[in-house]
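Work through the exercises below with the model open. Each task is followed by its solution.

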Amino acid sequence: MSPSPNDGRALQRLLDELGRLPGIGPKSAQRIAYYLLEADAEEARRLAQAILEVKQQVHFCPVCFSYATRETCDVCSDSSRDRASICVVSEPRDVQAIERTGSYHGLYHVLGGVISPMDKIGPEQLHVRELLQRLADGEVKEVILATNPDVEGETTATYLSRVIRPLGVRVTRLASGLPVGGDLEYADEVTLGRAIEARREV
Ligand SMILES: [Zn+2]
């Protein structure tokens, strides 16, 4: 990545880039940009470096499709995790949310989205085939469906339970109690922890 020529638009470029970030409106973009202008060069360099490093060093785990910095992710490479259960989530950030509860010690599988006919996303667009492959050797006894409690999350869970149950694997769904239509990642740790512990067979 080579620096752009000094065309007098450096500040505008920063404002444009910051404004593209989720949750950052024009006002916040300005506040961050002016903060960085006043910060010392070393602080700005650390931020830029952290952004570059995360893009260079973090990739998808080839087993569960969560984020990984080594060959496989921290969960997949941890021999103390319970390999008899797989918790299925839609996004890598859901793994972080469930890990924070401390209530789950098995493995994960990240689908990379949810089934959404409106957006033309079916099971083929998600990591469903890879999930079924992980169930093939019979080591996994339970699959916990932890997609969000909204319409698409429920559709995805229903589909998965239909294709997984015939394999003789126990299929469970997080207990209700999570805010309907809410995102897993915004549920507090206690509520989410309880939903995992009180999961029910589907
Ligand atoms: Zn993994």
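A nonpolar core is a set of buried Ala, Val, Leu, Ile, Met, Phe, Trp, Tyr and Cys residues joined through C-beta atoms within 7 Å. A residue is buried if 20 or more other C-beta atoms, placed from the backbone, lie within 10 Å of its own. The model is predicted: local features need pLDDT of at least 70, side-chain atom pairs count only at pLDDT 80 or more, and totals for chains, interfaces and linings use all residues. Numbering starts from 1 along each chain as its sequence is written.

**Exercise 1.** Find how many residues the largest nonpolar core has, and which element gives the most to it.

*Solution.* The largest nonpolar core has 37 residues. Cys87 and Tyr108 are among those with the most contacts inside it. Elements here are DSSP runs (helices H or I, at least four residues; strands E, at least two), numbered from the N terminus. Strand S3 (82-89) gives the most, with four residues.

**Exercise 2.** Is cysteine 87 buried or exposed?

*Solution.* Cysteine 87 sits in strand S3. Within 10 Å there are 24 other C-beta atoms, so cysteine 87 is buried. Not counting residues up to four places away in sequence, cysteine 87 touches Ile98, Tyr104, Gly106, Tyr108, Ile144 and Ala146 (contact: C-beta atoms, placed from the backbone, within 7 Å). Threonine 172 is 85 residues away in sequence, but 9.3 Å away in space, C-alpha to C-alpha.

**Exercise 3.** Which residues of H1 meet H2?

*Solution.* Leu11, Leu14, Leu15, Leu18 and Gly19 of H1 meet Pro26, Ala29, Gln30, Ile32 and Ala33 of H2.

Methods. Buried ≥ 20, exposed ≤ 12 C-beta atoms within 10 Å, placed from the backbone. Contact = placed C-beta atoms within 7 Å.
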